[in-house]
Amino acid sequence: MLVHNVGRTVRKKKKKESYLDSWNLHDVFMEEDNREEDNREENNKEKIKKDEKKKRRKRKRKNKNRRLLKSAEEEEESSKKKKVVSKKKINKKAEKSQKENKKRQIKNKRNGTKGEDSLNKNNENKKKERFDIHALINNEDSFKNIKDIKCLIVYKRWNMNKSIDIFYSILKGLYDNKFWKPTEIQMKTLEEAISFKNDIVAISKTGTGKTLTFCLPILNNLVKKKLMEYAKKQKSPQKFRGLILVPTRELALQILNHFGYINKYINLYITTLIGGININKQKRIISKKPEIIICTPGRLRYFLELEEKINYIFEMKNIRYFACDEIDKMIETSFIKDISFISKHLYKSVGDKKRKFVQTFLISATLGLTVQLQNENLAKFLNVVTIRKENSTVINISDENAGNGSNSNCILPAGLTLNIAKCEKSKILQKLYYLLTLYFNNELTNNDDKKKVETNEEEKKEVNMNEKMQNEEDKEEDNIKKVIIFVNTIKRTRELFTVFRYLFFDQALESSLPKKHRSNIVLKNKVKFFSVHSQQKLKYRVQSIFNFSQSNCNSVLFCTDVLSRGIDLDKCDLIIQLNCPVNDVTFVHRSGRTARNFKTGKCICFVADDEVSKWANALKKIGLNFEEQKELEELKRIDDKDSTKIKRALLYCAQLVKMNRKMKERSCKLFFRKLAELADLEGECDFSSDSDDQYANKADEEIYKQMIHSKKMLYKILYED
């Protein structure tokens, strides 16, 4: 019995242990299940949060799209309103012009010049008229019988007492644009080019009217040829007849403008083929069949080397007029290969028989210097471009004047005064600001240091005659208003442009800021600033040149040597060269942007301590002695107080430039962030949150406050006495 009981107890214990073991396992499984449920709940919560975030983002995007649509609708409505207003203005202007034209017709009936005014009216209304022989003949008849005495005097001067046959429509264009009389270089070349059709190599100073020495003969002779063709065949089809090569885009546009003066009543189709413009657009222009094309060598070679050839340009068999402006620049290594390729293609397409009939024009201001320096590329150029030995004239006015002993610096314009400003490199900006304030506050004039240049009696007569004709309508002021500052590098032009805009409180800088953070400081004597360099787009460059030339207030243009050649900037009074030019010839071209068309001008060269030897060598090659040049006495008068003021002001300007850079960098970041939001890239990229945006806005406000403070300090230092 005992044994049996003991067995029971043992069995009961085993059952209890097995029951306990099973109970412990059950607890473990229950705990694991609970954990899994907790994890599921957490995951569900995270999913819900993510879904909510996505919904918020979608709402934001929808709101943004709604705002954009509203803004677009508002802009459309405002544009419609503006169009309505502009139409009303146009109608008013049209009514005024009709009334004025009626009055003119009544006056012309009394004076007997009805035909002339009707032609003027047609040319004003029609923007682009095509060449029409019948219209040209009518123009010739009407302009020939003009009774205006001034116009008849101008006709006689340009025709040189009927020794040259220039069309009356060309003469009328010259009269309308105030070309009262031919210059010396024009007097010596026009008869040879028009009457005898000789090849011309013309070397003359800057600003003496070299552009018309080839523009006028090419247009006149081309129109004569078209009339002869019409007389024989009763047709004058459009052909590629004239090619003009130019080193820079700006110079090409200026030559096109000069053609516009004399082509006003002829309406021959003339165009440019230059870099910086869309190629498809230029192909469309070529399809209109221009008769004269003004090209830069690189762009013309590109069109000649196209796989799909444009026959109108590629087949140069009809070219009879070939001109190269600024030869001393064109013979550089960057141009000589393109010019040799173009000229070989031209003469090959024309053929050996008709090669004799191609009239060439080679124009330069400093070709004499390149000959003296024995440039090897000049020989290559003359081997490539053919000049007819029997029918050619070489005219070098600068050498003739040098032979007469008129000027030691004969290569520079007669009315130019050259001065030197010696200073330390660190003080150049201080002295430049001081000098500009003196000129713009009318404390100095252009006649203070006028150089008395010995000239020939003939040259004096020319100057006096031109001055009399111009002073009838335009009275020249002695005050300096327009200044061009030449610098060697693009980086330096940008720095000076920004610094001087802050120094003179340019309003364009204030308009870019929000209204809350504008200083609203305005100077009495406002100064406009412009900059031109090769890294700018062509459209911006041309616009800044036009605005500078058309401005009536004080204006400063910072530029590199892009504008040193051939560009005729209207009424430029002062040239400042802050650095010694890299090339010796560029000094002449820089200083030749003023004192043009027998006017007076001034050139100031800033000579730093480390550039004295460079300036001496550069002037020596031109024929000037560095030690004989006058120093500017005005810059010697700077007090210690003025210099310390300008130093402090420049420090504040440096702070403003730094802050402006920060703001630009932040605005770029915000712009890219908005683009990423619109492209649904916020989940992939790491962008700042709303709290970061608030912090950035606070930082921007602090920067704006600092900018206002520094501007006020600038004004106190410089302009509050």
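Colleague: At roughly what angle do the axes of α8 and helix α21 (residues 538–550) cross?

Modeller: In this predicted model, local features need pLDDT of at least 70 and side-chain atom pairs count only at pLDDT 80 or more, while totals for chains, interfaces and linings use all residues. Residues are numbered from 1 along each chain as its sequence is written, and side-chain values use heavy atoms, with hydrogens and water left out. Axes are lines fitted to C-alpha atoms, for helices over the stretch in contact, and angles run from 0 to 180 degrees between N-to-C directions. The axes of α8 and α21 come within 11 Å, and they cross at roughly 55°.

Colleague: Which word describes how α8 lies to α21?

Modeller: Angles under 35 degrees count as roughly parallel, over 145 as roughly antiparallel, and 65 to 115 as roughly perpendicular, with the rest called oblique. The crossing is at roughly 55°, and therefore α8 is, relative to α21, oblique.

Colleague: How many residues of the contact of α8 with α21 are charged?

Modeller: Contact means heavy atoms within 4.5 Å, and here Arg 249, Glu 250 and Leu 253 of α8 meet Leu 538, Arg 541, Val 542 and Ile 545 of α21. Asp, Glu, Lys and Arg count as charged, Ala, Val, Leu, Ile, Met, Phe, Trp, Tyr, Cys and Pro as nonpolar, and the others, Gly among them, as polar. The contact of α8 with α21 holds four nonpolar residues and no polar ones, and its charged residues number three.

Colleague: How many residues of the contact of α7 with α8 are nonpolar?

Modeller: The axes of helix α7 (residues 211–233) and helix α8 (residues 249–262) come within 10 Å and cross at roughly 50°. From α7 come Thr 211, Leu 212, Phe 214, Cys 215, Leu 216 and Leu 219, which meet Ile 255, His 258, Phe 259 and Ile 262 in α8. In the contact of α7 with α8, no residues are charged and two are polar, while the nonpolar ones number eight.

Colleague: Which residue stands opposite Val 556 in β11, where strand β10 (residues 527–532) pairs with β11?

Modeller: Two strands pair if DSSP finds at least two bridges between them, and β10 and β11 pair in the parallel sense over six bridges. The residue opposite Val 556 is Phe 529.

Conventions. Helix = DSSP H or I, 4+ residues; strand = E, 2+ residues; numbered from the N terminus.
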